[in-house]
Each structure stands twice: as structure tokens, then as C-alpha cells.
Amino acid sequence: MAVNPRLAEITTYSSVSKSRLKSIYSDFSRQKASNPASFNSNVEWWRKTLGAFVGQGLQGDASDSLVLRASSQLAESLRYEGVGKPLGLAAVITELRDTRALIPLSDFLNSPTSVYDTGSLAYKVASYVVGKPLWWALEQLSIVDSEHFESEMSLWKKVKGPHVILSNVEKTADAIVERLRQNATFSPADTLYSFDSFRREFAGHSLSETDLKVLIKFLNRDKKVIVSDKDIHQRLRSITGIDRGILELKLGVENMEKQVEDINGRISEKTQKISECLRANRKEVAMAHLKSRRMYEELLRKRLGSLDILQSTLIQVETSAQDVEIMKQYESSTATLRAILAHPSLQREKIDETMDAMAEASAEQREIDETIRAGIGAAQDEAIDEEELQAELAGLVAEVQHEQHAQEEIRALEERQNDRERALAFPSVPSGSLTDAEASGGAGTLSSPRSVPPTSAIDEKAIVPAHEGSR
């Protein structure tokens, strides 16, 4: 058998060495008991590889992106150059089924419970507490063989068939949920989809019909973001007869728009043929095409009229449906308000009783506060002697006045000292006039000065500043 060259597109192959790949491709099923760490690592590699193998459309004839077609031929599709085909693939698929990474397609579509529901806690405890010891006892009695391993052929018989790859489904569902969140709308028609319209809106041509059934089931049962009823799917709320009518109108508008687009294409085609015939001087053929174009134009006017009516009707129906929802909300709000007002605490007698009790409690609180304040005032009066306070206050006032008087005396002394210093720096001229001889002396000759006592011998009291002498 030829190798599959497209396996190199899967990143898990490029992330391991050739020797490691040979180990993974070998039958390592016996390592589950002897080397569980290596066994689990190999199984995890296969989980990622099979998910990418299916998601990238490498299954050959199968066009599914979410469903693995398990069979002995799958091993041949995974043949790798220099390594060969995987020998223990059936054991790997068996382990992935046990861990719920792969789920048989029929179980996935028909199960009413979520894929994340692993059973009750009581069952798990009973299985561990009772099942484990019982199995050990049976092994000790040689009733069961713990080392027994099934052949690859017998395992293929058990696991053969389509299996949902849960990781692929989760990834695709997350992308659709994000688109639903971004395209949130209040129009009832925009929340309704048929099977085909849902595929066109969210899946395109990348998902097969089986993939789409799996995806819708997952979004409905496990993610709870849409509600499905046969061929109708809607976001979040249950489907009613009104919803079915709105969806029929929506599909009618879409079909009419397609007809209009097709008629416009035919008119453009006839116009082109008319031009070609006129250039070739084939007037008779051009006339035939002209008549056909007239017929299509008439049909287009009718279809546009029908489309206008359908669109108007759809808008009116949507508006009425929204009005119904608004009225339901009004009714629900009114019922809620009445239920609250009917509470015993909001009855008139209860309200009066409560307010009277509150007023009485407030009066008691005021009396208590006044009593406490009066007691505090009396305690303060007893603890403080007014005469002692007055005496202490008078002493403080006298001390302040004494300090002020001392400061005034200091300033007066400083002023007198300053005056003395200025008088010493500029002494007053002695009274009396010069004699004639002194006045007529030569220009360069002066009379001998009078005897003046030294400065230190001058009585400070005789020196009086000019401003003090004028007083």
C-alpha cells in the first residue's frame, strides 16, 4: 500500500522524531498495565492526530469533519513513509471511547443526556468501593485473567463504525456560538433557521450533513444555545406555531429573492444576445430574443410585486409577534408586582402598625438619649470646681500680662541703648565764639585747641541727644 503524503500536513507528525513515531505506531496496548504514563502519552498523541486527520478532510471518500469512520482500512490511510501503518490503532480507539474522546455516532445522536454527564456520584463510589475489590478477588481466584489482551481483529469488530470526535465538535461549536453572539438580533425571523439555512449561515460547505446533525445536537443538548424541533432551529427559546409561520415567510422571501436574481440574470443574457445578433445583422433572431426579454421583464415586475408583499407581510408578522412578546412581558411584570403587593408586610393595617411601632421606638430612643446627656452633664458639673477654674484663669491672665510688661521694658532699654550709641558717634559742638586773634590767624595756622578731656572721662549724663534736649 502507498503511503499517505498528506499526513505531513498534520503538526503532530512534525513534532516527533522518527524513532518516537515508530514507537507510537507499534502495538503498545500492553503498556497500559506495565507503563501507564507512556501508554497515556501515546493515546493523547493519537487523539490529537485523529482529530486533525478528520478535521482536515484526509479520510478519503468520507467528507465528514467531525466524525471518524473507524475500520481496518483506517490504518492503511495512516500509513507513513519509513514507519508503516499503525499496529495498535483498534486498541487506541477503544481507549478513546472509554475516555469519551470518541463517542459512537448513534449514541451521540440518540442520547438524551449531555456528553459531559458522567453518571451519578453514588454509582461512581459504588463502582470504586465494590467493583475494584471484587475484580481483585476474582483475579486472585483465577476466575478472570487481568493479563488477557484481545487481538486487533476482535477489537476492530467492536469499534468499527462512525465515531464523533468530541474535540472537533467543541471547537466548531465555539466558533458558531461566537458568531451567534456577534449577530444577536431582536428580529424573530433572524433567529429561525431551517436545516439548509442553518448550514448556509454557519457551516457553508465545510460540514457534511452528518456533521451538521451532530453539531445541531451538541448546540441544543449540551451547549443549550439553540432549540431544535425537527427541521426548525431557533436560538434559546421554544418553537411555537407562530415561529413556524414566520420561518415559512422568511424562506418564501429568500426563494423569491433568488427568483428575482435569476430573472435579472436571464434578462442580462437576452440583452447580450440581442447585441450580438444586431452586430451580426441577424435581426430576426434579435427580435426573438427581444420578445423573450419583454416576457422576462414582465415576469420580473410580477415577482418584484410578490416580493414586496411577502416582505411587508413578514415585517407585519414580526412586529405583531414582538407585540405579543411585549404583552407577555407586561402581564408577567404585572403579575410579579401584584404578588409583591399581596405580601402581608405591605397590607395597610400592617404598614400602619409598623409605622406606629417605629414612631414609638424613636420616641423611646430620644428619651434615652436625653437621659444619657443629662446624666453626663451632671457628672461633669460635679467633677469640675468653677472657682478653681476662675482662679487658674486669672493666674494665666496675670502671667501673660507680666510677660507683655517685661517685653515692653526690654524694648525700652534697647531703644535707650541705641540712642546712646548714636550720641557717641556724633557729639554736640561746644557753645561760645572764637577770639579775634584766633579768627585773624594765618590761613595755615590754627590756635592751639582747648584742653578736652578724654572721651572716657566724659560723664555720660552730660551727653544728651538733640531730640532729648529739646523736650
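Reply: Let us begin with burial, for which a residue is called buried when its relative accessible area is under 20% and exposed when that value is over 50%. Please keep in mind throughout that this is a predicted model.

Me: With that cut-off in hand, is T49 buried or exposed?

Reply: T49 has a relative accessible area of 0%, so T49 is buried. T49 belongs to helix α4, which spans residues 36-55, and the side chain of T49 reaches the backbone oxygen of W45 at 2.8 Å. Once the neighbours within four places in sequence are left aside, T49 is in contact with I10, T12 and Y13.

Me: Which residue pairs with Y13 in an aromatic pair, and how is that pair arranged?

Reply: The general idea is to look at the distance between ring centres together with the angle between the planes, where planes under 30 degrees apart count as stacked. A search of the whole structure finds seven aromatic pairs, and one of them joins Y13 and Y80 in a stacked arrangement, at 4.9 Å centre to centre and with 15° between the planes. Because Y13 lies in helix α1 (residues 11-14) and Y80 in the loop between α5 and α6, this pair ties together parts that are 67 residues apart in sequence. Y13 is buried at 4% relative accessibility, and Y80 is buried as well, with a relative accessible area of 18%.

Me: What does the pair of Y25 and W46 look like?

Reply: The rings of Y25 and W46 are tilted, with 5.3 Å centre to centre and 35° between the planes. This pair links helix α2 (residues 18-25), where Y25 lies, with helix α4, which holds W46, across 21 residues. Y25 counts as buried at 2% relative accessibility, as does W46 at 1%. Ring pairs link Y13, Y25, W45, W46 and Y80 into a cluster.

Me: Turning to the strands, which strands are joined to β3 by bridges?

Reply: In a regular strand the side chains alternate between the two faces of the sheet. Here strand β1 (residues 67-70) is joined to β3 by four bridges and runs antiparallel to β3, with R69 having P162 as its bridge partner. Strand β2 (residues 102-104) is joined to β3 by three bridges, again antiparallel, and in that pairing I103 has V164 as its bridge partner.

Me: How many of the five residues of β3 are buried?

Reply: Strand β3, residues 161-165, is mostly covered, with four of its five residues buried.

Terms used:
Residues numbered from 1 in each chain as written. Predicted model: local features only at pLDDT ≥ 70, side-chain atom pairs only at ≥ 80, totals over all residues. Heavy atoms only, no water. Buried < 20%, exposed > 50% of the residue type's maximum accessible area, 1.4 Å probe, protein only. Helix = DSSP H or I, 4+ residues; strand = E, 2+ residues; numbered from the N terminus. Pairing = 2+ DSSP bridges. Polar contact = N/O pair within 3.5 Å; in protein donor to acceptor, adjacent residues only side chain to side chain. Contact = heavy atoms within 4.5 Å. Phe/Tyr/Trp six-rings, centres within 6.5 Å; stacked < 30°, edge-to-face > 60°.
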